[in-house]
Amino acid sequence: MDILHSACKLVQENQFNEPTYIFHKAVLTRKVEVFKNLQCKILYAVKTNPEEIVIRHLINQGVHSFDVASVGEIELITKLSKELNIDCKMYFMHPVKPRYD
């Protein structure tokens, strides 16, 4: 993984042929700390950002409970849980929708 000092500079200097993901670890760490300071259980909805690098960082920051809504999300959390040797909890909370929604 490349470490960048300026996302704007990267975009200006490159023409991307496929989607590119830029993520700031320090910002994510600060956001996790906000929730930890509330002294509550953190349950991260994988659907909001299922990038492996984000989930891995969350696990390393102590987030071990995940809302999963698809087989792919379950497989991702299972894989990372095994790789990192962390017991992650998964909550399958797929919404029930009316037939015409």
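Aspartate 67 stands opposite tyrosine 91 in S3. This is a predicted model, in which local features need pLDDT of at least 70, side-chain atom pairs count only at pLDDT 80 or more, and totals for chains, interfaces and linings use all residues. Residues are numbered from 1 along each chain as its sequence is written, and side-chain values use heavy atoms, with hydrogens and water left out.

Now to the sheet. Helices (H or I, at least four residues) and strands (E, at least two) are DSSP runs, numbered from the N terminus. The model has an open sheet of 3 strands in the order S1-S2-S3, with parallel pairing; two strands pair if DSSP finds at least two bridges between them. S1 and S3 are the edge strands, each pairing on one side only. S1 and S2 run parallel and are joined by 2 bridges, with alanine 45 standing opposite aspartate 67 in S2. On the way from S1 to S2 the chain passes through H3, and this β-α-β crossover is right-handed (with the strands pointing away from the viewer, the path from the first strand over the helix to the second runs clockwise). S2 and strand S3 (residues 89–92) also run parallel, joined by 4 bridges. Here S2, helix H4 (residues 71–84) and S3 make a right-handed β-α-β unit.

Buried means under 20% relative accessible area, exposed over 50% and partly exposed in between, with a 1.4 Å probe and protein chains only.

The ring centres of tyrosine 44 and phenylalanine 66 are 6.4 Å apart and the planes are at 80 degrees, so the pair is edge-to-face. For the record, rings of Phe, Tyr and Trp (its six-membered ring) pair if their centres lie within 6.5 Å, with planes under 30 degrees apart counted as stacked, over 60 as edge-to-face and the rest as tilted. Tyrosine 44 lies in strand S1 (residues 44–45) and phenylalanine 66 in strand S2 (residues 65–68), so the pair ties together parts that are 22 residues apart in sequence. Both residues, tyrosine 44 and phenylalanine 66, are buried.

On a 1 Å grid over the protein atoms alone, a pocket is an open set of points with protein on both sides within 12 Å along at least five of seven lines, a 1.4 Å probe fits at a point, and lining residues have an atom within 4 Å of a point. The volume of this second largest pocket is about 170 Å³, taken as the space filled by probe spheres set on the points, which are joined across faces, edges and corners. Helix H2 (25–37) and helix H3 (52–60) are the elements that give two or more residues to its lining, and H2 provides the largest share, 4 residues. The lining divides into 9 nonpolar residues, no polar and 1 charged.

Leucine 58 sits in helix H3 and counts as buried at 3% relative accessibility. By contrast, lysine 82, in helix H4, is exposed, with a relative accessible area of 65%.

Terms used. Nonpolar A, V, L, I, M, F, W, Y, C, P; charged D, E, K, R; others polar.
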